[in-house]
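Me: Got a model open here and want to go through its charged pairs and packing. Can you take some questions?

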Amino acid sequence: MSGLHIPIGGPDGSRTDHAENLLAPNPSAMTLDGTNTWVIGGQDEVVVVDPGPGDEGHLLRVRDHLGGRRVREILLTHGHFDHSGGARRFAELVEAPVRALDPRHRLGEEGLADGDVVTVAGLEIHVYGTPGHSFDSLCFWLPADRAMLTGDTVLGRGTTIIAGDGGLADYLRSLDRLRAVAESLEARALLPGHGPVLPDPIGALDGYIAHRRERLDQIRQAREQGARTPREIVKIVYANVDRSLWPAAELSVRAQLDYLERL
């Protein structure tokens, strides 16, 4: 049975038996410690998930870390720049195709979609469509480790925003789907696109679902108090949140207002 190994210290994140994280040097309020670039595979070949932004130093460090192992494919959880910006350059460095749901981010003939199964070094990676954070968000299930790579759908800390190319209705359905999958497959870890590994998938997903429902209730209450614009609602609902995060919060509020108007 696979085990979850959480190293003490060091610049990179946690790992499972067959997946390891190399942290991109792009920390911010939105990206937490930086983008998690995941390497999955064995001693001879790997797939690389989310090479990160176009940071040459990071891309070279990932390539050198592989120690000669062949990169079979590069997979993208979604097309946002902090995950995909370095994909084309990394593909040049390791001579591998890039697979993504959005054709604009592919390099090669094969895309990536719900139900696909990618194989590497005798391992299977199952693709789950999880739109919401973005329209093209995917999660990757690694049965050998009973771990789900979640991109920005679930973060290691805090909650994700609903970007302009996403939608709350889709996001809530995706969370419900991940919750059901995590339970049925007895998931042991969520491997996020930012932040640390989550060793309690059910607890994390329940928390995410409850948080979204709570935010919707808070927005309803803010509207009852007279708030009408997203900015006015942010000032009430996110009053205790760092103001540097208000623009991102406004994106989520817009998505939630759109959701409420469609009910």
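**Salt bridges and core**

Me: What's the relative accessible area of Asp33?
Reply: 38%, so Asp33 is partly exposed (between buried, under 20%, and exposed, over 50%; 1.4 Å probe, protein chains only). This is a predicted model: local features need pLDDT of at least 70, side-chain atom pairs 80 or more, while totals for chains, interfaces and linings use all residues. Numbering runs from 1 along each chain as its sequence is written, and side-chain values use heavy atoms, without hydrogens or water.

Me: Which side chain meets Asp33 in a salt bridge?
Reply: Arg157, at 3.2 Å from N to O (the criterion is a Lys or Arg side-chain nitrogen within 4 Å of an Asp or Glu carboxyl oxygen). Arg157 sits in the loop between strand 11 and helix 4 and Asp33 in the loop between strands 3 and 4, so parts 124 residues apart in sequence are tied together (DSSP runs numbered from the N terminus: helices H or I, at least four residues; strands E, at least two).

Me: How many salt bridges in the whole structure?
Reply: 20. One of them joins Arg69 and Glu20, with the closest N and O atoms 3.3 Å apart.

Me: Are Arg69 and Glu20 buried or exposed?
Reply: Both are buried.

Me: Which residues form a network?
Reply: Salt bridges link Glu73, Arg99, Glu110 and Asp116.

Me: Switching to packing: which residues touch the most other members of the largest nonpolar core?
Reply: Met148, Val154 and Ile233, in a core of 37 residues (buried Ala, Val, Leu, Ile, Met, Phe, Trp, Tyr and Cys joined through side-chain atoms within 4.5 Å). Another core, of 20 residues, lies apart from it and includes Ile40 and Val118.
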